[in-house]
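Please look over this structure. A short report follows the display.

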Amino acid sequence: SSVRRTEPDVEVATLTLDPDKALYVTTAGRLVAAVELVSPRNKDRPASRAAYLARYLHYLNDGVHLVLADVHPRPAGFSFADALSAELNLAQAPLPSPTGVAYRVGEPAPSGGRFLAVWRRPFAMGQRLPEIPLPLSLEREVTLDMEQTYSRAAADAYLS
């Protein structure tokens, strides 16, 4: 018997792959924290916004601590910080992009669900970028110095 390959009726490029802009922290083979850098592609279409919002909610529902850095102000009126607050029923003031947000998933709450700690940091033009905690557990965290990280990345980009 011979192997035969059938040619498709049509073959076109429909998807543009956007490499993940993420850092994952694991211990003992388990994902404990994720840092996601939001790209314009994450929020350029309603379907993209829905898919990435589901991804971020999945992290939290699985007990994974999360930091989101979103420097893209478009589309106007949309931020993942606000969308996550709405999905999680958190009553918080709007926080438009650019922003950084950290979520620490805690122990079970007596009323059901889990405790969730949230740090919301706006990024303001002309001001130093804030520090944001990256929770690793209930007792441990690493401070992400966004200004230093940006300065190093910018220097590396200009030197190469």
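## Ground rules

This is a predicted model: local features need pLDDT of at least 70, side-chain atom pairs count only at pLDDT 80 or more, and totals for chains, interfaces and linings use all residues. Residues are numbered from 1 along each chain as its sequence is written, and side-chain values use heavy atoms, leaving out hydrogens and water.

## The fold

The chain has four helices and seven strands. Helices (H or I, at least four residues) and strands (E, at least two) are DSSP runs, numbered from the N terminus. Their order from the N terminus is β-β-α-α-β-α-β-β-β-β-α.

Of the 160 residues in the chain, 34% are buried. Buried means under 20% relative accessible area, with a 1.4 Å probe and protein chains only.

## Arg49

Arg49 sits in helix α2 (residues 46–61). Arg49 is buried but has no salt bridge. A salt bridge needs a side-chain nitrogen of Lys or Arg within 4 Å of a carboxyl oxygen of Asp or Glu. The nearest side chain of opposite charge is Asp44, 6.4 Å away.

Leaving aside residues up to four places away in sequence, Arg49 touches Asn42, Lys43, Asp44, Pro75, Phe78 and Phe80. Contact means heavy atoms within 4.5 Å.

## A cavity

The structure holds two cavities of 30 Å³ or more. A cavity is a set of points on a 1 Å grid, over the protein atoms alone, where a 1.4 Å probe fits but cannot get out; lining residues have an atom within 4 Å of a point.

The second largest cavity is lined by Leu68, Asp70, Phe80, Ala81, Ser97, Thr99 and Val101. Two or more lining residues come from each of β3 (65–70), α3 (80–87) and β4 (99–108).

Conventions. Buried means under 20% relative accessible area, exposed over 50%, partly exposed in between (1.4 Å probe, protein chains only). Lys and Arg count as positive and Asp and Glu as negative; His and the chain ends are not counted. On a 1 Å grid over the protein atoms alone, a cavity is a set of points where a 1.4 Å probe fits but cannot get out, and a pocket is an open set with protein on both sides within 12 Å along at least five of seven lines; lining residues have an atom within 4 Å of a point. Grid points are joined across faces, edges and corners, and a volume is the space filled by probe spheres set on the points.
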